[in-house]
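Work through the exercises below with the sequence and coordinates open, and try each task before reading its solution.

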Amino acid sequence: MATWRRDRRLSGPQRLCCAGLAGALSLSLTAPLELLTVLAQVGTRHCERGLLGAGRGLCRTEGLRALWKGNLTACLRLYPYSALQLAASRRLVILFTDELGHISHWRAIIAGSLAGMVATVVTYPTDVIKTRLIVQNRLEPSYEGILHAFYKIYHQEGLLALYRGVTPAILGAVPFSMGSFFVYINLDRIWREPVVCFTPLQNFINGCVAAAVAQTLSFPFETVKRKMQAQSPWLPHCGMVDVHFTGMADCFRQTVKNKGVLGLWSGLTPSLLKIVPYFGVMFSTFEFCKRVCLYRNGYIESPLSYKLTPGVDQSLLPQELRELKRLRRENFEPRKSALEN
């Protein structure tokens, strides 16, 4: 069993800001690997020369900035996605929590997966736009930016084009959740100690391993999703997709027929290489932002450490602590005036 806990010393906007900044920085630093993953999944001509060859060729033809195509869209999508996921997850966790305030690993993973589905569906058009911006030639663009891409896709292809590939995106959550659950139920056997005794480093390793297993299992759905997002008769070479298909099932068939079964895992290498730096940057940035917020709220002495401020009740909510400080200040000032008189 696991207890659902969140740091009550941070306000909701502060938690969202910490998560947003951490996510944006980790996305930006690993954007080249994400770009190579998407290009390999779609099957553009860049990937015919391998991972390094694709990166070098892209830099040579479109410039170094091409490695960050679509990153701004991904960063802007992060905030509404995180807010929706947090709100949905909170509701679902309350629904799945027992009367003692505990929730099992399996139920926690289900709650997280369902919350992720909700956030994915609502923000899905931005993911389609991100894929289109990645696969286009930066020097001869079909879309001049995020808003232009949204406008052009909507008017040329219709509203449903902004949700092309949403079905495999939702179905992919099933093997993703199963992979995460399989790792977490075996953590105590792997480390040969209880889960409650894990160090921060062990938890970081656990997160990376769970992400690697989950991504590997759900990757075929991710590949089909990217192909469906990129394919368009309005784009040069139909969006640079390496196979032609009429729907999700046909995309699976044509990919296996033309590229073999392993074609469904094209781009897995850069995707796995991205995990450690992504989570490393995200966790370290989140922890630093959290310390800054705790310092501003008055719970710790410095943003560089977690040393608690003496005399501060750590169980108080931020607004309760602010109110207590205000009352103390108001009581102190009349006493000071009386002593001076």
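**Exercise 1. State which helices supply at least two residues each to the lining of the largest cavity, and which of them gives the most.**

Solution. Begin with the helices themselves, which, like strands, are DSSP runs numbered from the N terminus (helices H or I with at least four residues, strands E with at least two). α2 (31-42), α4 (71-96) and α6 (124-135) each supply at least two residues of the lining, and α2 gives the most, with three residues. The model is a predicted one, in which local features need pLDDT of at least 70 and side-chain atom pairs count only at pLDDT 80 or more, while totals for chains, interfaces and linings use all residues. Residues are numbered from 1 along each chain as its sequence is written, and side-chain values use heavy atoms, with hydrogens and water left out.

**Exercise 2. Find how many cavities of 30 Å³ or more the structure holds, and describe the lining of the largest cavity.**

Solution. On a 1 Å grid over the protein atoms alone, a cavity is a set of points where a 1.4 Å probe fits but cannot get out, whereas a pocket is an open set with protein on both sides within 12 Å along at least five of seven lines; lining residues have an atom within 4 Å of a point. Grid points are joined across faces, edges and corners, and a volume is the space filled by probe spheres set on the points. The search of the whole structure returns one cavity of 30 Å³ or more, and the largest cavity holds about 80 Å³ of space. Its lining consists of L27, A31, E34, L35, K69, G70, N71, A74, K130 and I134. Sorted by class (Ala, Val, Leu, Ile, Met, Phe, Trp, Tyr, Cys and Pro nonpolar; Asp, Glu, Lys and Arg charged; the others, Gly among them, polar), these residues divide into five nonpolar, two polar and three charged.

**Exercise 3. Describe the second largest pocket by its volume and by the residues nearest its centre.**

Solution. The volume of this pocket is about 370 Å³. Of its 15 lining residues, W68, K69, G70, L133 and R138 lie nearest the centre. The helix that gives the most to this lining is α4, with three residues, and the lining as a whole divides into six nonpolar, five polar and four charged residues.

**Exercise 4. Determine which residue forms a salt bridge with E34, and whether E34 is buried or exposed.**

Solution. A salt bridge is a side-chain nitrogen of Lys or Arg within 4 Å of a carboxyl oxygen of Asp or Glu, and the whole structure has 17 of them. E34 pairs with K274, the closest N and O atoms being 2.7 Å apart. This pair links distant parts of the chain, since E34 belongs to helix α2 and K274 to the loop between α13 (268-273) and α14, 240 residues apart. Both E34 and K274 are buried, where buried means under 20% relative accessible area, exposed over 50%, and partly exposed in between (1.4 Å probe, protein chains only).
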